[in-house]
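Visitor: Could you walk me through this model, one feature at a time?
Guide: Happy to; have a look at it first.

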Amino acid sequence: MTGSLPRPEAGLDSLADRNPRVPPEQLVAELVPPPRFADVRFSTYVPSPEHPSQAEAVAGMSAFGASVVAGDSGRKGLFRRRSAPSGPPGMYLDGGFGVGKTHLLSSLYHQVVTEGGRRAAYGTFVEYTNLVGALGFLPAVEALAPHHLVCIDEFELDDPGDTVLMSRLMRELVDRGVKLAATSNTLPGALGEGRFAAQDFQREIQALAGQFAVQRVDGEDYRHRGLPAAPAPLSDDDVRRVAAARPGATFDPFGRVLAHLAEVHPSRYGAMVGSTSAVCLQGVGTVSDQMVGLRLVVLADRLYDRDIPVVASGVPFDSVFTEELLGGGYRKKYLRAVSRLSALARDGAALAG
């Protein structure tokens, strides 16, 4: 990924030309479930009879949401803390990859906001760390403190600094009467990863651990039953053809997108891709640099959240990261990105017909 980077062709929209300026209040307002989970509810989660913990999780999370809705409606003074509702201040969903934890967490958000008329924030672990990076720690606390519930999806332990940061952020919010709900980042057993267990979560959040109720969710990974590996890349001509024919699509050389990601704060990646109908990438290559790889992981998450197809030539996405990166400390992040980019590439291949 070195040397001069070609510019996209004239007449085609470019992702690398976008550098959105997102005001702080918009960053907080955008902390909502991703579009693919905008309409889910507890009633749309179908528990498996073979895994009773799934029905128990629905009942437990729904009861937790009811406790949030029943809580005090707000502060009693400018610097007074909200009195906390009864029950535990935190709920942790402990389960494997693809058992519906995000569905349940999104349903909790909708119960509190849509049905209960309360304020809630929903984001991934990375989105909250990016929010702190964009706003600063104390402004981020002040921005989140008025919420009755803060949902944290895909809690991660692979970066000790970020784990300590999030533990401190959660402690500040709990002290102000905010309730929390979290899930963990896990990956399919087929990829050689075990479950991120509740004891790992509780150990790392230290002082808060005893304040979280743990809800188990057992089951099979519904997203990876019989799915094929990463699809074969398309030709450059096919990628260009899809970009030209699809309104709202972008077309870029892969290297130019990677270079551009270094110039945009990760908290703005969502806004950068928000109006895109498909991301068309020419000449996908293997990434060996850690920082470049981690930025690509965040981009993959934002594309996946929004169901944006990826149309690509070059190497298949199961070869986009080197073995050194896949074997390192951020292994789970990279494998998650491979899984998500591969799924989006399957959607993109369908566009090429």
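**Reading the model**

Guide: The chain exposes about 14800 Å², and carbon and sulfur atoms supply 52% of that area. Accessible areas come from the Shrake-Rupley method with a 1.4 Å probe, and for residues only the protein chains shown count as cover. This is a predicted model, where local features need pLDDT of at least 70, side-chain atom pairs count only at pLDDT 80 or more, and totals for chains, interfaces and linings use all residues. Residues are numbered from 1 along each chain as its sequence is written, and side-chain values use heavy atoms, leaving out hydrogens and water.

Visitor: How many helices and strands does the chain have?
Guide: Helices (H or I, at least four residues) and strands (E, at least two) are DSSP runs, numbered from the N terminus. Here there are 13 helices and 8 strands.

Visitor: What share of the residues counts as buried?
Guide: Buried means under 20% relative accessible area, exposed over 50%, and partly exposed in between (1.4 Å probe, protein chains only). In this chain of 353 residues, 54% are buried. Contacts, meaning heavy atoms within 4.5 Å, tell you about the fold too: of those with a separation of 6 or more, 86% join residues 24 or more positions apart.

Visitor: At what angle do helix 5 and helix 6 pack?
Guide: Axes are lines fitted to C-alpha atoms, for helices over the stretch in contact, and angles run from 0 to 180 degrees between N-to-C directions. Helix 5 (residues 137-144) meets helix 6 (residues 160-175) at about 45°, with the axes 10 Å apart. That makes helix 5 oblique to helix 6; angles under 35 degrees count as roughly parallel, over 145 as roughly antiparallel, 65 to 115 as roughly perpendicular and the rest as oblique.

Visitor: Which residues make that contact?
Guide: Phe 137, Val 141 and Leu 144 from helix 5, against Leu 165, Arg 168, Leu 169, Glu 172 and Leu 173 from helix 6. The residues of this contact divide into 6 nonpolar, no polar and 2 charged. Ala, Val, Leu, Ile, Met, Phe, Trp, Tyr, Cys and Pro count as nonpolar, Asp, Glu, Lys and Arg as charged, and the others, Gly among them, as polar. As for the spacing, an α-helix has 3.6 residues a turn, so residues three or four places apart point the same way.

Visitor: And how do helix 4 and helix 6 pack?
Guide: Helix 4 (residues 125-135) and helix 6 pack at about 80°, with their axes 10 Å apart. They are therefore roughly perpendicular to each other. Helix 4 brings Phe 125, Tyr 128, Thr 129 and Val 132, while helix 6 brings Asp 162, Thr 163, Leu 165, Met 166 and Leu 169. By class, that's 6 nonpolar, 2 polar and 1 charged.

Visitor: What covers the buried residues of helix 9?
Guide: The cover includes strand 6 (249-253), helix 10 (269-273), strand 7 (278-284) and helix 11 (290-305). In helix 9 (residues 254-261), 7 of its 8 residues are buried, including Arg 256 and His 260.

Visitor: Is Glu 154 buried or exposed?
Guide: Buried, with a relative accessible area of 10%. Glu 154 lies in strand 3 (residues 149-155), and its phi is near 60°, a positive value in a residue other than glycine. Asp 307 also isn't a glycine, yet has a positive phi of about 55°. Asp 307 sits in the loop between helix 11 and strand 8 (310-314) and is partly exposed, at 38% relative accessible area.
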